[in-house]
Amino acid sequence: MSERGERTIVSPRGVEESRTVTRLGSGGPWEAAYGYSRVVRAGDLAWTAGCTSTVDGVVTHVGDAAAQTAQALRIGLAALAEVGAQPGDVVRTRMYVTDRAHADEVGRAHNAVFGAVRPAATMVVVAGLIDPDHLVEVELEAYLGDR
């Protein structure tokens, strides 16, 4: 799914501005069923939906939280690239892990990708994710400045 919509808004100072919102899907198994986009860009900001290690509808790296994190980050960064963002543009990440015991390996996998970038980051332990084989889910936010 791909959607680009332009709308005119009035800023707090009374100035009319035109803004474009781009919504892109990856064809993942839950996007159409649950009604969401893989990535949305609005102006100079972009956000991914939660990314897991699901590839072509199949969970990869079952039982390996670090590898799942690396795969989920690759999926998220590929989605951001579709709207013009690079890894250095990422300003915030969120990591949801299903077990506190996975925190260190998930954090190290995050560091391998974002150690030089150092976005604001949150890691939360959750009761579970949509597929019982998912150990981690990540969200990425990017700021693209004047691009």
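1. Asp 104 and Arg 108 sit four residues apart in helix α3, which covers residues 103–114, so about one helical turn separates them. Their side chains meet in a salt bridge, with 2.5 Å from N to O. Arg 108 counts as exposed, because its relative accessible area is 53%, and the cut-off for that label is over 50%. The model under discussion is a predicted one.

2. How many salt bridges does a search of the whole structure find? The search finds four. Another of the bridges is formed by Arg 94 and Glu 139, whose closest N and O atoms are 3.4 Å apart.

3. The overall layout comes next. The protein contains three helices and nine strands. Along the sequence, these elements follow the order β-β-α-β-β-β-β-α-β-α-β-β. The protein has 147 residues, and 37% of them count as buried. Among contacts with a separation of 6 or more, 63% are between residues 24 or more positions apart. The accessible surface of the protein is about 8,100 Å², and carbon and sulfur atoms account for 50% of that surface.

4. Helix α2 spans residues 65–82, which is 18 residues. From first C-alpha to last, α2 reaches 26 Å, close to the 26 Å expected at 1.5 Å a residue. Its buried residues include Ala 65, Gln 68, Leu 73, Gly 76, Ala 79 and Leu 80. What caps the N-terminal end of α2? Asp 64 does, through a side-chain oxygen that lies 3.2 Å from the backbone nitrogen of Ala 66. Just after the helix, Gly 84 adopts a positive phi of about 95 degrees.

5. Thr 48 is part of strand β4. With a relative accessibility of 8%, Thr 48 counts as buried, since buried means under 20%. Leaving aside residues up to four places away in sequence, Thr 48 touches Arg 38, Val 39, Gly 76, Ala 79, Leu 80, Val 138, Glu 139 and Leu 140.

6. Leu 45 is partly exposed, with a relative accessible area of 34%. Together with Trp 47, Val 91 and Tyr 143, Leu 45 forms a nonpolar patch on the surface, and the four have about 340 Å² of accessible area together.

7. Val 125 is in strand β8, residues 120–125. Its relative accessible area is 42%, so Val 125 is partly exposed. Apart from residues up to four places away in sequence, Val 125 touches Val 97, Thr 98, Asp 99 and Arg 100. Val 125 and Met 95 are 30 residues apart in sequence, while their C-alpha atoms are 8.5 Å apart in space.

8. Two backbone angles deserve a check. Phi of His 61 is near 60 degrees, a positive value in a residue other than glycine. His 61 is placed in the loop between β6 (58–59) and α2, and at 34% relative accessibility His 61 counts as partly exposed. Arg 118 is likewise not a glycine, yet has a positive phi of about 55 degrees. Arg 118 is in the loop between α3 and β8. Is Arg 118 buried or exposed? At 69% relative accessibility, Arg 118 counts as exposed.

Notes:
Residues numbered from 1 in each chain as written. Predicted model: local features only at pLDDT ≥ 70, side-chain atom pairs only at ≥ 80, totals over all residues. Heavy atoms only, no water. Patch = residues over 30% accessible without salt bridge, like charges linked within 9 Å, V, L, I, M, F, W, Y side chains within 5 Å. Areas by Shrake-Rupley, 256 points an atom, 1.4 Å probe, with all protein chains shown as cover. Buried < 20%, exposed > 50% of the residue type's maximum accessible area, 1.4 Å probe, protein only. Expected span 1.5 Å × (residues − 1). Polar contact = N/O pair within 3.5 Å; in protein donor to acceptor, adjacent residues only side chain to side chain. Contact = heavy atoms within 4.5 Å.
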